[in-house]
Amino acid sequence: MRLKVSEQSMGSRDLGKLQHHIVLCLGSSCMKNGAGSVAEGMRREISSQQAKSNIQLSKTSCMGRCSDACTLAVYPQGDWFKEMNEKLGKKLIRRLSTGQAIGKRLTKHRSYSMHGPNAQTDR
Ligand code: FES
């Protein structure tokens with residue numbers, strides 16, 4: 001069932017302003033590889049960029065890519081990132097909050113796309 005933007009099903013969040021949903025793995029492999037500091041850094045960057053209304057950061061359990069830890073995915077782009085660290089997490093937030101493309105510098109060695117015409121894989 002698709003939620004209507006006007007529904008208040010996510011607390012008081014205005015879904016009409018939401019542009020990006022980041023899903024960050026906090027499973028055991030990702031936690032061993034710094035997911036906690038990635039999460040905290042991204043939260044701080046969202047706050048400092050005043051991007052709370054348009055970027056949602058959600059934490060989840062294992063995303064099934066433990067060998068790539070620390071892993072996250074960005075929607076609606078559908079880009080998955082591996083080997084994230086605090087610095088890259090902050091950089092990702094800055095790019096998303098300023099409307100910049102995620103870009104090759106960030107994604108070159110660290111991401112793969114699950115779908116789309118330019119889908120690429122490093123495997
Ligand atoms: S623990 Fe993060 S992908 Fe498995």
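Visitor: How many salt bridges does the structure hold?
Guide: This is a predicted model. A pair counts when a side-chain nitrogen of Lys or Arg is within 4 Å of a carboxyl oxygen of Asp or Glu. By that criterion, the number of salt bridges in the structure is five.

Visitor: What is the N to O distance in the salt bridge of Arg44 and Glu40?
Guide: Arg44 and Glu40 are four residues apart in helix H2, so about one helical turn separates them. Their side chains meet in a salt bridge, with an N to O distance of 3.8 Å.

Visitor: Is H2 roughly parallel or roughly antiparallel to H3?
Guide: Two packed helices are described by the angle between their axes and the distance between the axes. Helix H2 (residues 35–48) packs on helix H3 (residues 86–97) with the axes 8 Å apart and at an angle of about 30 degrees. Angles under 35 degrees count as roughly parallel. Therefore the orientation of H2 to H3 is roughly parallel.

Visitor: Which residues of H3 make the contact with H2?
Guide: H2 passes H3 in a right-handed crossing. From H2, the contact is made by Ser37, Val38, Gly41, Met42, Arg44, Glu45 and Ile46. From H3, the residues are Glu86, Gly89, Lys90, Leu92, Ile93 and Arg94.

Visitor: How many nonpolar, polar and charged residues does the contact of H2 with H3 have?
Guide: Gly counts as polar in this sorting. Sorted by class, the contact of H2 with H3 has three polar, five charged and five nonpolar residues.

Visitor: What is omega for the cis peptide bond between Tyr75 and Pro76?
Guide: Most peptide bonds are trans. Pro76 is in the loop between E3 and strand E4 (79–81). For the cis bond joining Tyr75 and Pro76, omega is about 15 degrees.

Visitor: What is phi of Gln50?
Guide: Most residues other than glycine have a negative phi. Gln50 is located in the loop between H2 and E2. Its phi is positive, near 50 degrees.

Methods: Residues are numbered from 1 along each chain as its sequence is written. This is a predicted model: local features need pLDDT of at least 70, side-chain atom pairs count only at pLDDT 80 or more; totals for chains, interfaces and linings use all residues. Side-chain values use heavy atoms; hydrogens and water are left out. Axes are lines fitted to C-alpha atoms, for helices over the stretch in contact, and angles run from 0 to 180 degrees between N-to-C directions. Helices (H or I, at least four residues) and strands (E, at least two) are DSSP runs, numbered from the N terminus. Angles under 35 degrees count as roughly parallel, over 145 as roughly antiparallel, 65 to 115 as roughly perpendicular and the rest as oblique. A crossing is left-handed if the near helix is turned anticlockwise from the far one by less than a right angle, and right-handed if clockwise. Contact means heavy atoms within 4.5 Å.
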